[in-house]
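Keep the 3D view open beside you as you read.

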Amino acid sequence: MLSLQQLSKQYKNSELALDNVSFDVPSGQVIGLIGPSGAGKSTLIRCINRLIEPTHGAIYLDDVELTQLSTSKLRKQRRRIGMIFQEYALVERLSVMENVLSGTLGYVSFWQSFFRKFPEPLLQKAFGYLERVGLLEHANKRADQLSGGQKQRVGIARALAQEPSLLLIDEPTASLDPKTSRQIMRLIKEICKERNLPAIINIHDVVLAQTYVDRIIGLKAGKIVFDGSPSALNASVLTTIYGKEEWNTTPACEEEVSIAPVPNFQTKLELAI
Amino acid sequence: MVSSPMWRWTLLVLFLLYLGVAFSSIDLNFPRMLDGLTRGWRFVDGFLNPNFTSRWSDIQTGIIESLTMSVTATLVGILFSIPIGMGAASNISTKPFYFLCRFFITISRSMQEIIVAIFLVALFGFGAFAGFLTLTFATIGFLGKLLAEEIENIDKAPLEALKATGASWLQMIHYSIVPQITPRVVGLWLYRFDINFRESAVIGIVGAGGIGATLNTAIERYEYDSAGAILLMIIFIVFLCEYTSGYVRKWLI
Ligand SMILES: Nc1ncnc2c1ncn2[C@@H]1O[C@H](COP(=O)(O)OP(=O)(O)O)[C@@H](O)[C@H]1O
Ligand SMILES: [Mg+2]
């Protein structure tokens, strides 16, 4: 189980990106985190594995408090937290299999990974995950030869290769067509159910979220403004989350919301392990 | 550019005056020029009739020394440029280390090879060792800077993804940065090799050994036909490097 307690994040010289956020995620529960661009969704999930350092608050994964860990202990905990990205974040010039195996890097020594000598059980598992996402026959292809949907499946297999206790998923379908988006969401949901994995999925598409998640949390300006079942998500709640003007408009305007510039996190990432 | 016509004219006159003074200060000596012209012609004639045979063993020694110098300087340079280039890449380095590496790169790149060679020849005596050190020093700065730039320009998403898996710093570098930069960086290494070979001919003239020293001797002895042969050999080897590096790069992509 994951538990966030009074989590806040303030970037330098700006308003609170997360304001006193608390909620629990029980095993196997898939949460859809919705909210307008800039609401703090990406910040929130990156605070959990500390790709971004939270300013205040505590995060418990099972019984481990994540915000206080030293770098080497943090690295061990990060292995338990799988992450899936909007732009897949694969290493394009490596093979599909190497990308999946890169999920196990936290479990092998530098020299093992350097000489690509992954222990047999890890290899077997990696093949198993590739099979699970339906890409076994593409194992030796280079990642840049895959379609968007296939790349995202590799991303999912890589996260599974970590043997995670939690999945953090940032806009998994924002770069995919509607049909592929549904397939990916269905796959994520099935996998979470099979493994009793909790997951937090940042997602723009409200209908997609409603269809595939167990619970929805609405974030607005860093605060939780809704927390409930997908069926409770009615027009007035959506207005609270997205604001009246933005909500009651045509799809063209909705697009504007989704392409609003999102600041570049990675530039700020320190590489301390 | 200059709006007032009076100013424009004054400037033009001043400029012409300056030109006049400048030219008159050049000490033209026509008999000396004629003399030079005939010598220049002998030079050209020497190149048109290169003589590989009379100094062949010197040429051979020079070429081998230059090749050894370039190969070792390139290899050692690559070896040192890797940590320095990584340190000088702002996205994976830490502040103090970053400034240290950038400082070294700037020093290395601001010093012309010939000047470094003169200094090192004074320090270590004539010969290929001074040449090797000169080229190594230049190579580290050159490759370090370009490596740092390649690293700074990578797609950061896979780096973040690997950090999130709990990979160590070295593993992140090896799995997400190395594959992204390898083709271009290996291309740069090969390119530097042929710069080093060409450079070895130049610094040889100031005493740093190699084919440059052979070339210098040939010119001093007025053996322009042998000098011509040496230049042709240099061109031939650079051409060979060019061709191979192009081939290797294509194979890497
Ligand atoms: N690295 C950063 N530095 C400063 N401010 C940032 C940074 N990343 C995000 N922010 C700010 O934090 C807020 C939340 O951003 P983000 O978490 O990306 O929202 P979302 O993912 O919901 O679109 C935004 O106002 C954004 O401008
Ligand atoms: Mg975001």
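Let us start with B:Ser176, which touches A:Val91, B:Pro158, B:Leu159, B:Leu162 and B:Gln171 once residues up to four places away in sequence are left out. This is a predicted model, so please read every value here as computed from it. B:Ser176 sits in helix α8 of chain B. Is B:Ser176 buried or exposed? B:Ser176 is buried because its relative accessible area is 0%, and the cut-off for buried is under 20%.

**Where the chains meet**

Chain A brings 37 residues to the contact and chain B brings 27 residues. Between them the two chains bury about 2700 Å², with 64% of that on carbon and sulfur atoms. On the chain B side, B:Glu160, B:Lys163 and B:Tyr175 stand out: they supply 29% of the area that chain B buries against chain A, more than any other three residues.

Which residues form the salt bridge between the chains? A:Arg46 pairs with B:Glu160, and their closest N and O atoms are 2.6 Å apart. The count between chain B and chain A is 1 salt bridge. The interface also holds 8 residue pairs in polar contact, both partners being at pLDDT 80 or more.

Two elements of chain B, α7 (157–164) and α8 (169–204), each give two or more residues to the side that touches chain A. The largest share, 10 residues, comes from α8(B). Sorted by class, that side of chain B looks like this:

| Class on the chain B side touching chain A | Count |
|---|---|
| Nonpolar | 16 residues |
| Polar | 8 residues |

**Inside the fold**

Chain A contains 11 helices and 10 strands. Of its 273 residues, 53% count as buried. Among contacts in chain A with a separation of 6 or more, 68% join residues 24 or more positions apart.

In soluble globular proteins, nonpolar side chains tend to be buried together. The largest nonpolar core here has 75 residues, and A:Ile34, A:Leu130, A:Ile156 and A:Leu233 have the most contacts inside it. Apart from that core lies another, of 33 residues, including A:Leu51, A:Leu168, A:Ile217 and B:Ala164.

To look around A:Leu233, set aside its neighbours within four places in sequence: A:Leu233 is then in contact with A:Ile34, A:Val206, A:Gln210, A:Ile216, A:Phe226, A:Leu238 and A:Ile241.

Technical notes:
Residues numbered from 1 in each chain as written. Chains lettered and ligands numbered in written order. Predicted model: local features only at pLDDT ≥ 70, side-chain atom pairs only at ≥ 80, totals over all residues. Heavy atoms only, no water. Contact = heavy atoms within 4.5 Å. Buried area = accessible area lost by both parts, 1.4 Å probe. Salt bridge = Lys/Arg side-chain N within 4 Å of Asp/Glu carboxyl O. Polar contact = N/O pair within 3.5 Å; in protein donor to acceptor, adjacent residues only side chain to side chain. Helix = DSSP H or I, 4+ residues; strand = E, 2+ residues; numbered from the N terminus. Nonpolar A, V, L, I, M, F, W, Y, C, P; charged D, E, K, R; others polar. Buried < 20%, exposed > 50% of the residue type's maximum accessible area, 1.4 Å probe, protein only. Core = buried A, V, L, I, M, F, W, Y, C linked by side-chain atoms within 4.5 Å.
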